Amino acid sequence: MLSQIEQLRIDALKNIKEARDISSLDLIWRQYLGRQNGELTKVLRGLKDLPANEKSKVGSLANRTKIEIEEKIKQKRQQLKSIINHESSSINLDLTLPGKKTELGHLHPLTQGKQMVADIFSSMGFEILEGPELETDYYNFEALNIPEGHPARDMWDTFFVKSKIKNQKSKLLLRTHTSPMQVRVMEKRKPPLRVCVIGKCFRHEATDASHEHTLYQVEGFAVDKEISVANLIYTLKTFLNALFKTNVKIRLRPSYFPFTEPSFEVDFACLNCGGKARPPGLRPGEVGRGCPVCSQTGWVEILGSGMIHPEVFKHAGYAKGKYTGFAFGIGLDRLIIMKHKIDDIRWLHSGDLRFIRQF
Ligand code: FA5
């Protein structure tokens, strides 16, 4: 027992000597002198069970060791405190220097746009979905009435992906638009449907100020028994007015999409020049460059739309003539550059912090 106490003493003094901070000292105190499980405390607690002749020897050594450890811990504590005081008052540590500022990021203008669009459509009773970016040829084209060899495929050239899946029935590709979600949703559910799909699309095309190879689209569609073009126009007007917080003027132009009949392109009066095709501030007769945002036409094309084609309903498995529906696909990037008056769509994916920090 005496040699055990001696070993305890040696270990404790060594640990105290090596302690580099106050919290390690506290741990050492708990290890040897802690009220419940301190190693020396346990020895002292066991004294009562020792034979009388050992009790006094062991007891006096244990008590001396306890006092010595307490004393050494106290001294070391004083020593560490004076080092801390010295360091904080020395010229190496200037506590008055301003701290390093942690820079906070913020959401990208496209993400802000996605959230705004989702909020507006949710408030109109549309459910918000995303859908797969890696799509099959079937949903991207076939099911939308664009069979193999159809000339419309040229408008939506994309990136095809080699599949490692055995017996993959339909080729894989990066979706060119969000319209494949029309059939994906309709296959699974029955009307009434009010759906808004917001997601990334890809196109194999040369880029310029209004065209990117990677773009976001907002697809909206509603299917029920008596959906008409009037519902489409009302929905688009309500959405655009809420997004731009003004009364936006729109016009519909007849167009062609294989998956809608009739089809329309929708333009809205340029918000940069107020539809005048001239830069803001330029008076009649004044010479100046035309509005860059609308290419001096006064109108900006933002979406394709129409009434869902019977062939699409057929692919979804709906009975012929039972339902009608509208659908539209908006270029989100184009909306965002209009909203913030950005002169080139390619800024959005540039990753340039000088651009991003302005939003
Ligand atoms: C389509 O993608 C159709 N799926 C839209 C549609 C949906 C029609 C439902 C009918 C019913 P389009 O290729 O025109 O159509 O693209 C729709 C919008 O996406 C365009 O008006 C434009 O705002 C945007 N867009 C198209 N290509 C690009 C591009 N390369 N870069 C940026 N925006 C683009």
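Predicted model: local features only at pLDDT ≥ 70, side-chain atom pairs only at ≥ 80, totals over all residues.
Is threonine 136 buried or exposed, and what is its relative accessible area?

View 1. Threonine 136 is buried, since its relative accessible area is 14% and the cut-off for a buried residue is under 20%. This threonine belongs to strand 2, which covers residues 134–136. When its neighbours within four places in sequence are left aside, threonine 136 is in contact with Gln168, Ser170, Lys171, Leu172 and Leu173.

**View 2. The largest nonpolar core, with 45 residues.** Inside this core, the residues with the most contacts are Phe121, Phe239, Leu240, Phe268 and Leu335. Helix 8 (residues 229–244) supplies the largest share of the core, namely 6 residues. Apart from this core lies another one, of 26 residues, which includes Val197, Val223, Tyr318 and Ala327. In soluble globular proteins, nonpolar side chains tend to be buried together.

**View 3. The contacts of phenylalanine 268.** Not counting residues up to four places away in sequence, phenylalanine 268 touches Leu240, Phe244, Val248, Lys249 and Ile250, and also Gly298, Trp299, Val300, Ile302, Leu335 and Met338.

**View 4. The packing of helix 1 against helix 2.** Helix 1 (residues 2–18) and helix 2 (residues 22–33) pack with their axes 10 Å apart and at an angle of about 170°, so helix 1 is roughly antiparallel to helix 2. Leu8, Asp11, Ala12, Asn15 and Ile16 make the contact from helix 1, while Leu25, Ile28, Gln31 and Tyr32 make it from helix 2. Sorted by class, this contact of helix 1 with helix 2 has 6 nonpolar, 2 polar and 1 charged residues.

Technical notes: Residues numbered from 1 in each chain as written. Heavy atoms only, no water. Helix = DSSP H or I, 4+ residues; strand = E, 2+ residues; numbered from the N terminus. Buried < 20%, exposed > 50% of the residue type's maximum accessible area, 1.4 Å probe, protein only. Contact = heavy atoms within 4.5 Å. Core = buried A, V, L, I, M, F, W, Y, C linked by side-chain atoms within 4.5 Å. Axes fitted to C-alpha atoms, helices over the stretch in contact; angles between N-to-C directions. Parallel < 35°, antiparallel > 145°, perpendicular 65-115°, else oblique. Nonpolar A, V, L, I, M, F, W, Y, C, P; charged D, E, K, R; others polar.
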